[in-house]
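This report covers a ligand site, several helices and a few individual residues. The sequence and structure come first.

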Amino acid sequence: MAEQKQTNKAKQTNKGKQNPNSKKKFSIYWIYVVLFAAIVFLWTSGTKDGKSNVSREVNWEKLQKVINNKDFSQIKVINKEYAEIFIKQEAISRGDTMYNDIFKNDGGIFSSDKLSLDKLNASYVYKFVDYQDFREQLQTIENQWNVQDTLGKDLTELQKQQIIAQNRINPTMEKRGGFWSENSGFLISTLFLIVMWIVIFRMMNRGSAMGGGIGGIFSVGKSKAKLYDKDKNTNVTFADVAGLEEAKVEVMEIVDFLKNPDRYTKLGGKIPKGALLVGPPGTGKTLLAKAVAGEAKVPFFSLSGSDFTEMFVGVGASRVRDLFNNAKAKAPCIIFIDEIDAIGRARGKNIVGGANDERENTLNQLLTEMDGFGSNAGVIMLAATNRADILDKALLRAGRFDRQIYVELPELKEREAIFKVHMKNLKFDESEVNTAFLAKQTPGFSGADIANICNESALIAARRGKQVIGKQDFLDAVDRIVGGLEKKSKIISPKEKERIAYHEAGHASVSWLLEYANPLLKVTIVPRGMALGAAWYIPEERQITTKQQMLDQIISLLGGRASEYITFGDVSTGALNDLERATQMATAMVKYYGLDDKIGNRSYYDSTGQSEYSFQRPFSEKTAEIIDERVHELLEDAYKKACEILTENKDKLKLLAELLRDKEVIFREDVENIFGPRQWEDNIEGIKPKEENNNNETSNAEVKENK
Ligand code: ATP
């Protein structure tokens, strides 16, 4: 490790300067150059038939002798520029000194004990000035031979012709390109292969240095963590994280542990090893970690739980080791693992897939690294998850993630602060847009939802051709995010429209007349997203829910179907979403929350998440039947109650439904005009509905869909 540190330091100090040692280093690329040269040499020195070429230039006098001796086997005329004259084996074997310039036992161009033409192409090269002249010279020799062979002999014409044919020197004509044009194909393809080889090799090296790229296959065991340090920093600071004050204090303390460890250790305390950020999606856990990276001024390794997994076995564990090795080299530093549940799920066997060995190995390695024999001084782990309940208990114990920091959905004041952060860069109408008002309109929204509203409002205002974003743009953005895009063009027949109006009016009426139903804000039958109509509520921000509150909510969920039944005498498919939610709530009441008298104070909730993979139920067949029965009874009772309420108020329901059918959107005060003031005061955080709803503002956090 010390070695690695030193190399790092050396790299930093020599940045921009040339390393004096670098000259001495042997470059591996020289091997390629030598290889290439060798290939070219072999290629040029050999021929296609595997023999070596040996040639000597010759003048006409000597060539004349060779030809006259008939020592040549072949004459080739190349490109009508020169001739190659090949010598017979017998001529060499004869030991004629004339040929010593090519063949010589004591060191000619070609020297061997066994002189053999099998091994070489030995030739003379004669460069003539003019091909025709050369041809004529050969012709003259041929004629001389003919005269010698026929003079004074009584030969028939046929015999004469045979002698002439025998004496004919038939040079073969050959066309040859130059060396480059002949060999360019081979050279280019060889060069191309070498270049490709070098490029791939370099990419592999770079890939392995970065833990990815084409070298991924070779660097698969390397950690994929992104490193933020003083050279590469995130520009997120704690000022960008609105609210979350308690969480901020905790993470700031972690930064302080790293910077001033003595302050804590001198009293005998130990520095915590890790902190887990737990909370619902979009509440700013990752943002908080980014702010730590921005503020801590210590190296910060950031990666996601899924970065450990790969298709290869053993990679996860190897990446964990590599991550900790890198981190220890950079200590003091912080490691941040987002979505740690991807690897941190509780270990155990399940019948469906067996144990997930690879993930468990990764987790085991993580546990070992966090609390193993090796010293991790100066490395603090931060992790984020939505599901701390399914994490392995060993991961959560003190000594690993000593601290759990809960990041909750923002409260009214926090929402206001988040709006302020995200509206900093927006051009909005300051006279009408008020962050406090917007915060009141968005209970149950996460920081990510609020960031989305701000962005969406700017897009809506731009679509409307406005110069600044108005209040209505914000409110429309809220509606859009909750319910989806308005689909005014959807074709709905008048009969369907009437049924939808009655369905939604049913929800509104029942919830108006029940004490614990969520406070209503508006009802609409304009199709939006997947829904054909919706009743919009503001859910009360409460920490616990009573049995009666749950029952009232189920009753108002079934109000839509009840209204259809009472009015039309039959029911439709439009209640699918209502039924699904009502069933889920009733099942949760019976199975998990112990809110049913017959099942009693029992809960079959499995916080480890293992039961999701299990074929076995934690209860008997008999209990399963009772659960089914009780869920059914609860829902039927709720439906009966909804029918009762609506039958008692059938006239008012009719008025409300007709008003809704005609106006398409009705507000809280319209319901109040028909049903009279609500008996119970709505406990809505920060809203005084009677005053504020007059200006037709919409607000919501929960949509009842009517598909
Ligand atoms: P998940 O669990 O789904 O990963 P998360 O809790 O990590 O979600 P972030 O990714 O941190 O959520 O937040 C998403 C976005 O929401 C941020 O980029 C930011 O724009 C906005 N946001 C969330 N909380 C806050 C906050 N407290 N202040 C300012 N912006 C916030």
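How far is an oxygen atom of the ligand from an N or O atom in the side chain of lysine 285? The separation is 2.7 Å.

## Basis

This is a predicted model, in which local features need pLDDT of at least 70 and side-chain atom pairs count only at pLDDT 80 or more, while totals for chains, interfaces and linings use all residues. Residues are numbered from 1 along each chain as its sequence is written, and side-chain values use heavy atoms, with hydrogens and water left out.

## Ligand site

Besides the lysine 285 pair, an oxygen atom of the ligand lies 2.9 Å from an N or O atom in the side chain of glutamate 339. An oxygen atom of the ligand is also 2.9 Å from a polar backbone atom of glycine 282. The protein buries 80% of the 630 Å² that the ligand exposes when taken alone; accessible areas come from the Shrake-Rupley method with a 1.4 Å probe, and for residues only the protein chains shown count as cover.

The shell around the ligand holds 18 residues, of which Ala242, Lys285, Thr286, Asn386 and His422 come nearest; a residue is near if one of its heavy atoms lies within 4 Å. By class, eight of the shell residues are nonpolar, seven polar and three charged. Here Ala, Val, Leu, Ile, Met, Phe, Trp, Tyr, Cys and Pro count as nonpolar, Asp, Glu, Lys and Arg as charged, and the others, Gly among them, as polar. At least two shell residues each are supplied by helix 10 (285-296), helix 15 (412-423) and helix 17 (447-463). Helices (H or I, at least four residues) and strands (E, at least two) are DSSP runs, numbered from the N terminus.

## Helix 15

Methionine 423 belongs to helix 15 and counts as buried at 3% relative accessibility. Buried means under 20% relative accessible area, exposed over 50%, and partly exposed in between (1.4 Å probe, protein chains only). Leaving aside residues up to four places away in sequence, methionine 423 touches Phe428, Val433, Thr435, Leu438, Cys454 and Phe474, where contact means heavy atoms within 4.5 Å. Methionine 423 and threonine 435 are twelve residues apart along the chain, and their C-alpha atoms are separated by 8.8 Å.

Glutamate 416 is also found in helix 15. Its relative accessible area is 16%, so glutamate 416 is buried. With the same exclusion of residues up to four places away, glutamate 416 touches Thr435, Ala436 and Ala439.

## Helix 18

Helix 18 (residues 471-483) has 13 residues and reaches 18 Å from first C-alpha to last, close to the expected 18 Å; the expected span is 1.5 Å times one less than the number of residues. Its buried residues are Asp473, Phe474, Leu475, Asp476, Ala477, Val478, Asp479 and Gly483. Glycine 484 follows helix 18 with a positive phi, near 95°.

Lysine 70 is not a glycine, yet has a positive phi of about 55°. Lysine 70 sits in the loop between helix 3 (60-68) and strand 2 (72-78) and is partly exposed, at 37% relative accessible area.

Leucine 244, not a glycine either, has a positive phi of about 50°. Its place is the loop between strand 6 (226-228) and helix 8 (245-259). Is leucine 244 buried or exposed? Leucine 244 is buried, because its relative accessible area is 10%.

Definitions and conventions:
Polar contact = N/O pair within 3.5 Å; in protein donor to acceptor, adjacent residues only side chain to side chain.
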